[in-house]
Amino acid sequence: MQLIPIDSNYFMAETRQIKTALISVFHKDGLDELLKKLNENGVKFLSTGGTQQFIESLGYACEKVEDVTTYPSILGGRVKTLHPKVFGGILARRDHEGDQAQMAEYEIPAIDLVIVDLYPFEQTVASGASEADISEKIDIGGTSLIRAGAKNFKDEVIVPSKAEYSVLLDILNRKGAQTDIEDRKMFATRAFGVSSHYDTAIHSWFTK
C-alpha cells in the first residue's frame, strides 16, 4: 500500500500569523499590556495621531499611517485611515492570486490585526454636549475599519473595542501571535455587534 504524504500546512491552513497591527483607539487605558505582548511577539505597529504618539511614548517603534498612504491627516482629523492602502491591506484575501498581485502592484502592506476603540458617542450625548460636538463624535474611520476587518475574518483579526483587549491578550498568552479561524470568527461576531450598537445609538439620537 502506497502512503500518501500529508502536507503539514493542510492542518494549518486556517491559522494566521499576526505580523502587522493597525491600532486606532480613543481610549488608551488597558492598551499598554496588549502592546507589550504584541511587541514581544515581533508584531509591527501602524497607527496615526494620538494613538501613534501613545505607542511611541511606551518605547515601541510605530510606523505612521501617513507614511504608508503618503497623505496627511486632513479635515481636522476627519480623514486619517480612509485610504486604499489601508483598507486594501485589511480586505485583501491571502489565498486570492488577483488580490495578492494587486497588493504587490500598488505596494499595499498586509495588515493582519486591527485594534479599534470608537469615539465615545453615547457618553458625549449623555454629557449634554452641543449638537456640533456630538456630531464630531460620530466615528467614520473606526467603524469602517471594524466592518472591513470583520468582513475579512478568514484572514483578519479585528478587536472592536477596549472590552476585547483582554480576549486578544489571552490568545497571545496561549498561542503567541497567531489565531485560528474560530478566534477570528468570534472577534468578527463581536465586531458587528459593536458597530450595530454604535449605529443604533446614532440613529436614536437623530430620531430624537
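Buried means under 20% relative accessible area, exposed over 50%, and partly exposed in between (1.4 Å probe, protein chains only). F121 and Y198 are both buried. This is a predicted model: local features need pLDDT of at least 70, side-chain atom pairs count only at pLDDT 80 or more, and totals for chains, interfaces and linings use all residues. Residues are numbered from 1 along each chain as its sequence is written, and side-chain values use heavy atoms, leaving out hydrogens and water.

The whole structure holds five aromatic pairs. Rings of Phe, Tyr and Trp (its six-membered ring) pair if their centres lie within 6.5 Å; planes under 30 degrees apart count as stacked, over 60 as edge-to-face and the rest as tilted. Two of the pairs are tabulated.

| Pair | Centre distance | Plane angle | Class |
|---|---|---|---|
| F26 and Y119 | 6.1 Å | 80° | edge-to-face |
| F121 and Y198 | 6.2 Å | 65° | edge-to-face |

F26 sits in the loop between β2 (20-25) and α1 (31-40), and Y119 in the loop between β5 (113-117) and α6 (121-126), so their pair ties together parts 93 residues apart in sequence. Helices (H or I, at least four residues) and strands (E, at least two) are DSSP runs, numbered from the N terminus. F26 is partly exposed at 34% relative accessible area. Y119 is partly exposed too, at 27%.

F121 in helix α6 and Y198 in helix α10 (residues 181-207) are 77 residues apart. Ring pairs join F121, Y198, W205 and F206 into a cluster.
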